[in-house]
Amino acid sequence: MNLTRASLQHPAAVAVAVALVLLFGALALRSLPLQLFPDIERPQLSVQTGWRAASPQEVEAELIVPIENVLQGLPGLEEMESTLNGGWNVVNLSFAVGTDMKAMLVEVLARLNRLPPLPRDATPPAVRSGSDNANQSLTYYFVQQLPGTPGSIDDRRRFIEERIVPRLSAVPGVAGVEINGGSLPELSIRLDTERAASLGIAIPDVVALAARAGDVSGGGIEDGRREFSLRFAGRYSADELGELILTWRGGRPVRLADVATVAVERPVQRFFAYQNGNPAIGLRILRENGANVLSTLTELKRVVAEVREDELLPLGLDIAQSFDAAVFIERAIGLLSGSLFAGILLAVGCLWWFLRDARATALIACAIPVSLLATFIVLQLTGRSLNVISLAGLAFAVGMVMDAAVVVAENILRLRQQGMPAGRAALEGTRQVSGALLASTLTTVAVFLPVIFMQDVEGQLFADLALTISIAVGVSLLLALTVLPAAAGRWLGRTPSGAPDPRWERIGALALAWTASRRQQLGWVAGLVLLPALLAAAWLPQLDYLPPVRRAAVDAGFSFPPGMSPASVNREIAPVLLERMAPYLSGEKQPQLSNWYLNLWSNGGTLGARVVDPARIGELERIVREEIIVDLPDTRAFAAEGHLFGGFGGSSRAIAIHLQHGDEEALNAAAEQGRQWLAERFPGANVQAFPNPDAATPELRVEARDRRLAEVGWRREDLASVVRVLGEGLWLGEQFEDDQRLPVVLRTAQAAGVDRFGDAPLATPLGGVLPLSELASLQQTLSPSQLRRVDRRRTVTLTIDPPAALSLEAALGVVQGELVPLLRAALPSDAGVRVAGSADRLDAVVRTMGGNFVLALLVLFLLMAAMFGSLRDSALVMASLPLALLGGVLGLRALDLAAGQTLDLLTMIGFILLLGLVINNAILLVAQTRAAEADGLGLDAALRLALGQRLRPILIAALTGVLGALPMAINPGPGAVIYRGMAAVAVGGTGLSLAFTVLLVPALLRLVAGVARRTAPVATPALA
């Protein structure tokens, strides 16, 4: 109590300390980063590489398998996942929680240095932290070509790269800008194969000569006192390359220009993007960790507006934002702020209704702003941000931070009513309850320790909530022991209340009367301890992973017919979609769109749209599904409202089933069968296969006739070069022109179809001019357009996003119980079937949260045993928890009936929060009872005194906690699903516990005392 006495003796110092907290708290609030979710450090690395015009099988053999071989066995590596597309490929590495990622980055780079030589035209492996998912994005922009602007948007790719990207990248908080769409020019050598054959020019000779010339450094030459660097300028410029002499015929040179056309041009376009109906190039803006998202977006929008006026509009271009995180951040913060202030008003109103004393109400209510502002200071010092999770913690803390102040103030007022002087009442009133308050505060903070120290992704996501509540409650205890006595001793000294309210004594007497007999005591214990425990376990809702947080945007995905070229997709599919979406953008049809985009490539595409009125997003989802993406020939499409958890087009509830085997045909057949089974078992659910088993690309396979090749003087590698030239072109090297790095590609000028491919004339060293079909056999077959490997095995992954009405636990039970056995039977005996995705995370989360719950109970028990000095009293207090758990389950069930709610991760944390909330009531009653017994009262008299003195502050504290959390439980606004379940648990558990704790605690104390009396040894008189 020295702290309280010092506060009473130095009220000016206390006032200054409070003023400083308010000042620095306001400054911290202004400087805290604002973002949607906390920063999450995922122990992941990705290795990206590419190989122009290579098939997935080539990439697998020449790039990915060597990379996987050198990376296998990394310490802490949990999963290695490879995606092979040919032109762009990535190996994602997932590590165990706690892995030193800086050391692992160094290790990965060191191992990649041991790779065998890669193909010359392959992109060297690039390592980046994290994985490539949409949640790392700050926002998306599209540079559009306005109607009437001549040329192609592809012609603006270099301009965007050199003029626009640097300005956007320079915005503080922006980590980088990725360009999606457009293609850079290349130096194309278009060979006339018929002309070359007529002149006896062999394609391998052209390859060798065109790729051989290059600059060579000769070191230096000394000339007297000077030294010259020596360099041979052997590289041809683009204008000079046509003068390359290939051979001599009849004493005259045959130059490259005689058989080919050399020009700087763009490759065939393979990716098409549109925004708001205009051809576009996408810009993905990445954010730095810890960046203030709102301020970064504000500055980025300002720079974009300048870029639009200065750079783009004069060229007939525009730039528009597609995904704006600020919309969701402002909406979520506005919703939570409204709930927070509504909770404050309800809690303060409840407080005044009980006290009917304006000064006492104002004094206690001051704990709210001081505690919250002190919390902002700690959040800033610990490098945290202000997000929906930390704001939810603040909203829950509103009712909790007044608990200690209510108990202290009420006790001071009670002593003043008895005539005690103001200063002594402040000191003595605080002393009497300080021990119980310390115990209740420590238990509230202690239950959150397991959450704060969780290291996995879920722990990082919700540690802000635990930290925020712990800080606020801890500060509120300090305020109750220092600031409130110092202020109450003076401010409340002249306004003592009237006589004590006899209602609390009557309620206490009634509770003692209802628990007087042993039968009554056993009945209350059975009905309020054993029965609630059984009912809570029986009625616990089914489990889910993360809340289904929608982002007010509709995402659609397309899977186009196998082998359909990107140009055909753009020619046949894009106009249909553009026409169907146009009326909704213009407002001719409703709901009107604020913007929309379309991305198309050979294997698939994506469409995303947002509405002006977010309340009509469900209507837009129906329209996209039933009107926009239907009746596209041989195209599979699916549309749904996007999820904030899990990225764009994905869901935090998705179940993944990995099918693994080396037999590609058997793997694809089982995957297609599995996709049908999933669609039948979960009607209306989004079922996908990755890679798509029916999206095989038609392949013209060229197999060498080795004997004939040897007869004409060629080898297999010569024929391989010919095939590449006749296809998309053979990469010969790079050319530097005007600070531009241009790939040099040799391709044929003739556009031969599949039927005429074998007729291509080829000049050979010993066999003259021969058609390709004489040197090789041609066969039409199918090959995968994409490959996937998980843990170094060929894999097809089936994903199912369960319907909203079905919990993840129920869907997982169906998948594991019914579908996995069918899939195992459909695959060869040595195949692998593994359930992963959110299902895998759910199992880990249930184990983690179950362990945390048990650990929190153990910490509570031991902490209270230390506080009370009695294991028995600690167990008595813990006996009040089953009733609270049942209340939490009932609150969750009621919310499920009203709005649909499952037991997701955040709701699980709500039960841990509930432990710290409801145990305070029992602590206050038991502590006051034991204190009265220590003063010489019997148990019944001590209980009557404890109920009379502590019932009102318990009721006030519990009701303010309930009312503080109630707005979050009933608020139907967008994003409320994040914390609504946890609020329902807190409201239901606290309310039910409050209703019956007044009966349970006396019943337990009297029952245990009776048992102790009956089992005590009877003293026998000593024999004379």
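Helices are DSSP runs of H or I with at least four residues, numbered from the N terminus. This briefing covers a predicted model, in which local features need pLDDT of at least 70, side-chain atom pairs count only at pLDDT 80 or more, and totals for chains, interfaces and linings use all residues. Residues are numbered from 1 along each chain as its sequence is written, and side-chain values use heavy atoms, without hydrogens or water.

**The largest cavity**
- A cavity is a set of points, on a 1 Å grid over the protein atoms alone, where a 1.4 Å probe fits but cannot get out; lining residues have an atom within 4 Å of a point.
- The largest cavity has 23 lining residues.
- Met400, Asp403, Leu917, Asn920 and Ala957 lie nearest its centre.
- Helix α34 gives the largest share of this lining, five residues.
- Other helices that each supply at least two lining residues include α13 (388-400), α33 (905-934) and α35 (980-1015).

**Isoleucine 954**
- Isoleucine 954 sits in α34, which spans residues 939-970.
- Its relative accessible area is 5%, so isoleucine 954 is buried (under 20%; exposed is over 50%, partly exposed in between, with a 1.4 Å probe and protein chains only).
- Beyond its neighbours within four places in sequence, isoleucine 954 is in contact with Asn921, Leu924, Leu925 and Leu994 (heavy atoms within 4.5 Å).

**Helix α3**
- Helix α3 (residues 56-71) bends by about 40° at isoleucine 64; the bend is the angle between axes fitted to the seven residues ending there and the seven starting there.
- Proline 66 follows within four residues.
- The buried residues of α3 include Ile64 and Pro66.
- Just after α3, glycine 73 has a positive phi of about 80°.

Conventions:
1 Å grid on protein atoms, 1.4 Å probe; cavity = no way out; pocket = protein on both sides within 12 Å on 5 of 7 lines; lining within 4 Å.
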